[in-house]
Amino acid sequence: MFRSESSDSGPAIDSEAAPAVRPGPVQVSVCVSCRGTDGRTSCPGNDLIAALRTAFAPEDGDVTVRPVQCLGVCKRQTTVAVTAPDGYTFLVGDLDVTTGAAALAVFVRAYRQSGYGMVPWQERPEVLRRRLIARVPPASWSPPDGRAPP
């Protein structure tokens with residue numbers, strides 16, 4: 001059990017009090033705006049999309065891989081957002097097509113099984129740990145006390 005004091009000196013928060021909600025269908029959004037590192041070659045995001053579509057198995061049917069325009073992290077090519085309606089959004093960048101696709105497939109499977117998509121640090125593939133840009137809470141998160149919604 002994890003207990004913490006809220007930053008506004010309110011009551012202690014018991015993280016086991018709220019049930020863990022599965023994040024729901026997962027979207028893997030891959031930026032297809034950036035060019036290769038030389039500035040001339042085609043977008044590496046397209047290659048990552050192709051690799052991701054083959055990395056997921058038929059039992060991963062609730063996972064959608066989609067191209068998206070600029071994710072605003074232009075200095076970190078092959079940037080990907082992993083998100084779900086009731087889950088955290090993870091933004092990772094500088095992914096290699098081969099190792100990134102395999103790592104994302106492992107991560108997404110763990111994401112689907114965890115409460116709110118909050119995959120524990122030690123369960124994240126190493127390549128993603130080093131390339132994490134941001135972790136954004138779901139819109140349904142309760143900001144006043146930090147507790148997960150009922």
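Helices (H or I, at least four residues) and strands (E, at least two) are taken here as DSSP runs that are numbered from the N terminus. The model is a predicted one, in which local features need pLDDT of at least 70 and side-chain atom pairs count only at pLDDT 80 or more, while totals for chains, interfaces and linings use all residues. Residues are numbered from 1 along each chain as its sequence is written, and side-chain values use heavy atoms, with hydrogens and water left out.

The protein chain has three helices and seven strands, and from the N terminus on these elements follow one another in the order β-β-β-α-β-β-β-α-α-β. Of its 150 residues, 40% count as buried, a word that stands for under 20% relative accessible area, whereas exposed stands for over 50% and partly exposed for what lies in between (1.4 Å probe, protein chains only). Contact means heavy atoms within 4.5 Å, and among the contacts in the protein chain between residues at least 6 apart in sequence, 63% join residues at least 24 apart.

A place to begin is valine 28, which belongs to strand S3 (residues 26-31). Valine 28 counts as buried because its relative accessibility is 0%. Not counting residues up to four places away in sequence, valine 28 touches Leu52, Phe56, Val63, Thr64, Val65, Arg66, Val80, Ala81 and Val108. Phenylalanine 90 is 62 residues away from valine 28 in sequence, and the two C-alpha atoms are 9.7 Å apart in space.

The next topic is a pair of helices. Helix H1 (residues 44-55) and helix H2 (residues 97-113) pack with their axes 9 Å apart and at an angle of about 50°, which means that H1 is oblique to H2. Axes are lines fitted to C-alpha atoms, for helices over the stretch in contact, and angles run from 0 to 180 degrees between N-to-C directions; those under 35 degrees count as roughly parallel, over 145 as roughly antiparallel, 65 to 115 as roughly perpendicular, and the rest as oblique. On the side of H1, Pro44, Asp47, Leu48, Ala51, Leu52 and Ala55 take part, and they meet Val97, Gly100, Ala101, Leu104, Ala105 and Arg109 in H2.

Helix H2 also holds arginine 112, which counts as buried because its relative accessible area is 16%. Its side chain makes a polar contact with the side chain of aspartate 60 at 2.9 Å, where a polar contact is a pair of N or O atoms within 3.5 Å; within protein, one must be able to donate a hydrogen and the other to accept it, and residues adjacent in sequence count only if both atoms are side-chain atoms. Apart from neighbours within four places in sequence, arginine 112 is in contact with Arg22, Pro23, Val26, Glu59, Asp60, Asp62 and Val63.

Two loop residues remain. Threonine 78 lies in the loop between strand S4 (63-68) and strand S5 (80-83), and it is buried because its relative accessible area is 8%. The side chain of threonine 78 reaches the backbone oxygen of leucine 95 at 2.6 Å, and, leaving aside neighbours within four places in sequence, its contacts include Pro44, Leu48 and Leu95. Although threonine 78 is not a glycine, it has a positive phi of about 45°. Tyrosine 116, in the loop between H2 and helix H3 (126-129), is not a glycine but has a positive phi of about 60°, and tyrosine 116 counts as buried because its relative accessibility is 5%.
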